[in-house]
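Follow the description below with the structure open beside it.

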Amino acid sequence: MISHHYNPDWLSEEALLASFVARQNDFAFMRAELARAPLQGNVQHYLLVGVRGAGKTTLLKRLAVAIRREPDLSNHLLALSFPEELYQVKNLSDFWWAACEALADELDYLEQGHEAEKLLQAIDQIRKQGDKSKLVADAGFKLLQDTCAQLEKRPVMLVDNLDMVFDRIDKSGRKLKDPHSPAYWALREALSTTTSPIVIGGSVRLSDAFIDYDKAFYDFFLPKRLGKLSLDEVHSVLEHLADAQNQPEVKERLRTNPARVEALYELTGGNPRALGLIFELLRSGPNSRAVEDFERLMDITTPYYKARIEDLSEQAQVIMHALAVNDAKLGLRFGHTAAEIASYTDLPTTSISAQLSLLENEGLVEKSPAHGRTQYRITEQMFRLWLQMRATRRIRQNVISLVKFFEAMYEQEELQAMSKEGSGTSAVTTSNRIDESQGKEIRSHVMEALDAEYETGQQDIPGDLERRINALLSTEFVENFLVTALKTPNSAALVLDKMRNLDYEKHARPLILAFEAALEGQEDMLTELEPELQGATMHMYARLTGKSKKKTRKKAVKLVDGQL
């Protein structure tokens, strides 16, 4: 089976149906909504919102297949599948002509060649006669409506990158836009009749036209967030791929080394596009560790991310780099302010703000005004990690340490679960638990650090990185020392300060952030962290506070979903 990581639209219907495992609940919801949509009458329009690779294109294609094949949909609906990029669209009139061409494509696909040819001839004839100076001309819309009326079908327009289409139809220059554009209001009017097309769009963001109360599409499209896949969904997808490609050894690797997959899961953000790449890593590297997998994943995606960063202006590249390499300094925050980025880059704050606005419109940067001054960060965590891996050796090593921390943490969790299952008790017995003498050494090290006369280099945590991370994850250090320290806030604050001075954050950033959140009583701030850190930090927060990991994660998901 050929994998199309970046072009799912190239899949045949049979291949798509065979590989469609994730997003089943999202598909079921959207399918049920379409089944309820009448041939004539008011309908709801939808916007699928998610980062690149979240599965928007695949879900739209799956809906198209359902409309073609399932009688309760095909008896009154017609799928209009648009190309991912509509480079030919420069105004609303072009958009309607693209819709007519999509209709001709669908008729041809359904072996109604005569009707398709008839429609294409009508398109050519009307466009030659039309007034090209009228950017909001609706001749294409009328042809679409008339053709669908003759077919006795209601069109369902499946438009990927709808946000990019909106940017193109409302302006006459690439960098000019108007959320009050007449084209927007004309489009809204066209989509508000009892016979109008149903629009299901994909977008990397909710632009001003969708969310501002005085704009054309406020409360018009119902946004549906395509967030991070669950770990169970990830395992289901990987096992399905193993079965489909007759690779039982991959399923065995999933069973015997779950920490490897869980670490990659956190790093890639449960991104469906990344799962195909992860499967290839599991298949080709039977004995690899998570770090080796991650480095190969970054190498595989280099042409894609390199092209994207080089497509930006020079100032935008500088800002993206600044956002990526400075995230380790954030602490319990969403991102950086424009003033902080300006200070790092030596660019005027006005230039930074203008570039951030453009990057946000491109879906590359997201912002949060929830905590005082607006903060910004890179939207896609894989893009951010790729930029970090392309930076200095020190920054690259911080990322590698994070990967090792994830793998060690999940190995420990798996061994604890196996121990409980085998003994029927809740005792903690793991390969990562250090012996009593080592435990005293680690604890003594931190206590020495709290002494006013402590001198750097007086003692050291075990030299190799794996032992150091395992020591920081140990019961002796977390439950027996840090949990105890949290009972005395003043002491805990000293511990946090000294751990940072000792560069523990390089090797165990999720632990440090969780400790800070527990000390400050800021559990809600865990949901503001970069996505790749949230799962591991919540895991450590649960260990430090005794709160259920499931409850913490559930609360986090509720808060994140509430952003839409």
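Met 320 and Leu 511 touch the most other members of the largest nonpolar core, which has 95 residues. A nonpolar core is a set of buried Ala, Val, Leu, Ile, Met, Phe, Trp, Tyr and Cys residues joined through side-chain atoms within 4.5 Å; buried means under 20% relative accessible area (1.4 Å probe, protein chains only). Apart from this core lies another, of 43 residues, including Leu 92 and Phe 220. In soluble globular proteins, nonpolar side chains tend to be buried together.

This is a predicted model, in which local features need pLDDT of at least 70 and side-chain atom pairs count only at pLDDT 80 or more, while totals for chains, interfaces and linings use all residues. Residues are numbered from 1 along each chain as its sequence is written, and side-chain values use heavy atoms, leaving out hydrogens and water.

Contact means heavy atoms within 4.5 Å. Leaving aside residues up to four places away in sequence, Met 320 touches Ile 309, Leu 312, Leu 359, Leu 364, Val 365, Ile 378, Phe 383 and Leu 387.

Now find strand E4, residues 198–203. Strands (E, at least two residues) and helices (H or I, at least four) are DSSP runs, numbered from the N terminus. Ile 198, Ile 200 and Gly 202 point one way from E4, Val 199, Gly 201 and Ser 203 point the other way, and all are buried.

Which strands pair with E4? Two strands pair if DSSP finds at least two bridges between them. Strand E1 (residues 45–49) runs parallel to E4 over four bridges, with Leu 48 partnered by Gly 202. Strand E3 (residues 154–159) is also parallel to E4 and joined by four bridges; here Val 156 stands opposite Ile 198.

Last, Ser 401 lies in helix H21, residues 393–423. Ser 401 counts as buried because its relative accessibility is 2%.

How values were computed:
Buried < 20%, exposed > 50% of the residue type's maximum accessible area, 1.4 Å probe, protein only.
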